[in-house]
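Subject: Structure handover

Hello,

Here is the structure I said I would pass on.

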Amino acid sequence: MTEDSQRNFRSVYYEKVGFRGVEEKKSLEILLKDDRLDIEKLCTFSQRFPLPSMYRALVWKVLLGILPPHHESHAQVMLWRKEQYGDILHALKVVRFVSEATPQVEVYLRMYQLECGKLPRSPSFPLPKAFEQYLNLEDSRLLSHLKTCSALCKLPYDLWFKRCFAGCLPESSLQRVWDKVISGSCKILVFVAVEILLTFKIKVMALNSAEKITKFLENIPQDSSDAIVSKAIDLWHKHCGTPVHSA
């Protein structure tokens, strides 16, 4: 039996006996011990499993390119990054793109756009079309209701796809979504949005105006968030498959 086969067998065994995540944590720790971190394997791990909270910040920083793959450079690079953060924030304030009253999520978005050279105020997001496509596959009647109420074009797409559900989902649920986004799978955002509609279908179907539907979706109950994210990940796997390590 190969090493990968043994690892897969152990993962299935741990999950069956109620210790799901034990083997995954050990696998991640092995990946993080490499002198040069393997970005591709970290991406694949993040897409397949929830990241343990104790390693989440490190993995996110490496996947986002904030930290390099080599461990010995991390301390010095973090000092440079802190200086860079201050410089970018100062620049945005000088050109009046942000102020003290700007929501923090908006500040982070503008900082990212400035660093990437993509600072226009009206970026385009192709995700709403994918959202409509998958909602139609999962519940065409619900989609028809949104169209009848003229709500489809007024849904909180900025909250969902620009802010990646920051301000919509509680932090514990949000982290699981961002694990996938940061590791390269922005499409998970579409399935979270679809699952929100499916979860609150009865409530949404009872509302008969775009304004009421949008207002409700901007302030969904928080107690269903973990279940929504879990079901959204299942939908993502259903339509897009389960990521695997490349050879």
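This is a predicted model: local features need pLDDT of at least 70, side-chain atom pairs count only at pLDDT 80 or more; totals for chains, interfaces and linings use all residues.

Residues are numbered from 1 along each chain as its sequence is written, and side-chain values use heavy atoms, with hydrogens and water left out.

Helix H7

Helices are DSSP runs of H or I with at least four residues, numbered from the N terminus. H7 covers residues 127-138. This helix has twelve residues and reaches 16 Å from its first C-alpha to its last, close to the 16 Å expected at 1.5 Å a residue (the expected span is 1.5 Å times one less than the number of residues). Its buried residues are Leu 127, Ala 130, Phe 131, Tyr 134 and Leu 135. Here buried means under 20% relative accessible area, exposed means over 50%, and partly exposed is in between, with a 1.4 Å probe and protein chains only. Seen down the axis, the buried residues of H7 fall within an arc of 130°, so they line one face of the helix; the arc is that of the directions from the helix axis to the C-beta atoms. An α-helix has 3.6 residues a turn, so residues three or four places apart point the same way. The buried residues of H7 pack against H8, H9, H11 and helix H14 (225-240), where contact means heavy atoms within 4.5 Å.

Helix H8

In H8 (residues 140-148), Leu 142, Leu 143, His 145 and Leu 146 are buried. They cover an arc of only 155° around the axis, which puts them on the same side of H8. Arg 141 and Thr 148, on the other side, are exposed. The packing partners of the buried residues of H8 are H7, helix H11 (188-199), helix H12 (201-206) and helix H13 (210-218). Just after H8, Ser 150 has a positive phi of about 60°.

Leu 207

Leu 207 sits in the loop between H12 and H13 and is buried, at 13% relative accessible area. Beyond its neighbours within four places in sequence, Leu 207 touches His 145, Cys 149, Lys 212, Ile 213 and Phe 216. The C-alpha atoms of Leu 207 and His 145 are separated by 9.5 Å, although the two are 62 residues apart along the chain.

Aromatic pairs

The whole structure contains ten aromatic pairs. Rings of Phe, Tyr and Trp (its six-membered ring) pair if their centres lie within 6.5 Å; planes under 30 degrees apart count as stacked, over 60 as edge-to-face and the rest as tilted. One of the pairs is Phe 131 with Trp 160, tilted, at 5.6 Å centre to centre and 55° between the planes. This pair links distant parts of the chain, with Phe 131 in H7 and Trp 160 in helix H9 (residues 157-162), 29 residues apart. Phe 131 has a relative accessible area of 0%, and Trp 160 is likewise buried at 0%. Trp 160 also forms a stacked pair with Phe 165, at 6.3 Å centre to centre and 25° between the planes. Phe 165 is buried too. Ring pairs join Phe 131, Tyr 157, Trp 160, Phe 161 and Phe 165 into a cluster.

Cysteines

How many disulfides are there? The count is zero, taking a disulfide as a pair of cysteine sulfur atoms within 2.5 Å. Cys 116 is partly exposed at 36% relative accessible area, and Cys 240 is partly exposed at 38%.

Regards

Note on methods:
Helices (H or I, at least four residues) and strands (E, at least two) are DSSP runs, numbered from the N terminus.
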